[in-house]
Amino acid sequence: MRLGEYRRIVGFTGARISTESGIPDFRSPGGVWATNRMIEFDEFCASRAARVEYWRQKAAVWPGMRAAAPNAGHRAFVELERRGRLSALITQNIDGLHQRAGQSPGLVIELHGTMAEALCLDCGDRTPIDAALGRVLGGEAAPDCEHCGAPLKPATVSFGQAMPAREVERAVSACRECDLLLAVGSSLVVYPAASLPLLAKESGARLVIINRTPTPLDEIADLVLREEIGTAMPRLIEELEP
Ligand code: ZN
């Protein structure tokens with residue numbers, strides 16, 4: 001199977017495209033939840049102590065994420081865009097590495113939000129995460145919005161928190177309209193990971209899965225590559241005429 005004939009490709013990326021940049025998969029054994037208490041969204045809203053703990057965890061994780069560099073997998077999606085083949089890039093990742101690799105921000109659909117910003121839970125004001133974490137490190141253990149005083153939260157989707165409706169809507173239309181869905185580095189187990197590539201397939205698109213381990217959608221995929229993303233993606237792109 002060659003990518004050459006496909007013009008409306010949608011990418012769908014999961015944690016494993018970023019593990020190749022050294023960012024740990026937080027769901028993996030020994031991941032962050034093995035050592036940190038998971039704080040769900042309702043608890044974050046209800047308890048200042050929970051917010052303090054949440055910000056402490058984020059302050060510990062962010063420097064490593066910020067220091068990570070995009071890899072060949074991220075750059076391959078940029079190349080797909082440059083060649084006019086990519087209509088959207090849906091990601092479960094919060095690290096911003098697609099944008100930092102040079103992807104147009106307008107093409108990236110972040111289902112789980114982003115770690116790059118903090119968001120006011122009341123007025124919706126956004127500030128760079130570095131500014132918010134600077135306040136945390138400066139002694140405000142759980143910073144509040146400078147405009148309205150409501151709690152600030154990293155702009156990621158927490159457990160128990162709904163995914164942003166607009167992003168989900170964009171992802172659904174992208175999957176309905178694509179001619180190829182390229183699922184990369186996702187185990188395709190958790191919702192909506194499983195349902196979006198499935199939707200694309202049911203809408204008539206071809207499905208390509210690149211993942212080191214088997215996924216529940218392998219059976220219906222048109223091509224499954226169980227190899228490193230940084231090797232497989234550039235090779236697929238090379239097959240495209242410039
Ligand atoms: Zn506010």
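## Close-up views of a predicted model

**View 1. Leu-188 sits in the loop between E7 and H9.** Helices (H or I, at least four residues) and strands (E, at least two) are DSSP runs, numbered from the N terminus. Leu-188 has a positive phi of about 55 degrees, although it is not a glycine. Is Leu-188 buried or exposed? With a relative accessibility of 0%, Leu-188 counts as buried; the class buried means under 20% relative accessible area, exposed means over 50%, and partly exposed is in between (1.4 Å probe, protein chains only). Before you zoom in further, please note that this is a predicted model, in which local features need pLDDT of at least 70 and side-chain atom pairs count only at pLDDT 80 or more, while totals for chains, interfaces and linings use all residues. Residues are numbered from 1 along each chain as its sequence is written, and side-chain values use heavy atoms, with hydrogens and water left out.

**View 2. Four cysteines coordinate the zinc ion: Cys-120, Cys-123, Cys-145 and Cys-148.** Each cysteine contributes its SG atom, at 2.3 to 2.4 Å. Donors here are N, O and S atoms within 2.8 Å of the metal (3.2 Å for Na, K and Ca); water is not among the atoms, so sites may look incomplete. What is the geometry of the site of the zinc ion? The site is tetrahedral, with angles of 99 to 119 degrees among its four donor atoms. For the cut-offs, four donors count as tetrahedral if all angles lie between 85 and 135 degrees; four count as square planar and six as octahedral if opposite donors are over 155 degrees apart and all others between 65 and 115; anything else is irregular. Along the chain, the donors follow the spacing C-x2-C-x21-C-x2-C. Cys-120 is buried, at 2% relative accessible area, whereas Cys-123 is partly exposed, at 43%.

**View 3. Strand E4 (residues 113–120) pairs with strand E6 (residues 152–156) in the antiparallel sense.** Two strands pair if DSSP finds at least two bridges between them. E4 and E6 share four bridges, and Leu-119 stands opposite Lys-153 in E6. E4 is also joined to strand E5 (residues 126–128), again antiparallel, by three bridges. Here Glu-117 has Pro-128 in E5 as its bridge partner. The hairpin of E4 and E5 has five residues between the strands, and in it Gly-124 takes a positive phi near 80 degrees.

**View 4. Strand E2 is mostly covered, with five of its six residues buried.** E1 and E2 run parallel and are joined by five bridges, and Gly-11 stands opposite Leu-89 in E2. Leu-89 also stands opposite Val-108 in E3. Three bridges join E2 to strand E3 (residues 108–110), and these two strands run parallel.

**View 5. Strand E8 is largely enclosed by the rest of the structure, because four of its five residues are buried.** E7 and E8 pair in the parallel sense over five bridges. The chain crosses from E7 through H9 to E8, and this β-α-β crossover is right-handed; that label applies if, with the strands pointing away from the viewer, the path from the first strand over the helix to the second runs clockwise. Ala-183 stands opposite Ile-209 in E8. E8 also runs parallel to strand E9 (residues 223–225), joined by three bridges, and Val-208 stands opposite Leu-223 in E9.

**View 6. The largest nonpolar core has 23 residues.** A nonpolar core is a set of buried Ala, Val, Leu, Ile, Met, Phe, Trp, Tyr and Cys residues joined through side-chain atoms within 4.5 Å. Which residues have the most contacts inside the core? They are Phe-12, Ile-90, Leu-111 and Leu-181. Elements that each supply at least two residues of this core include strand E1 (9–13), strand E2 (86–91), helix H8 (165–177) and strand E7 (180–184).

**View 7. Phe-44 and Tyr-54 form an edge-to-face aromatic pair.** Rings of Phe, Tyr and Trp (its six-membered ring) pair if their centres lie within 6.5 Å; planes under 30 degrees apart count as stacked, over 60 as edge-to-face and the rest as tilted. For this pair, the values are 5.0 Å centre to centre and 70 degrees between the planes. Phe-44 lies in helix H3 (residues 41–46) and Tyr-54 in helix H4 (residues 48–67), so the pair ties together parts that are ten residues apart in sequence. Both Phe-44 and Tyr-54 are buried.
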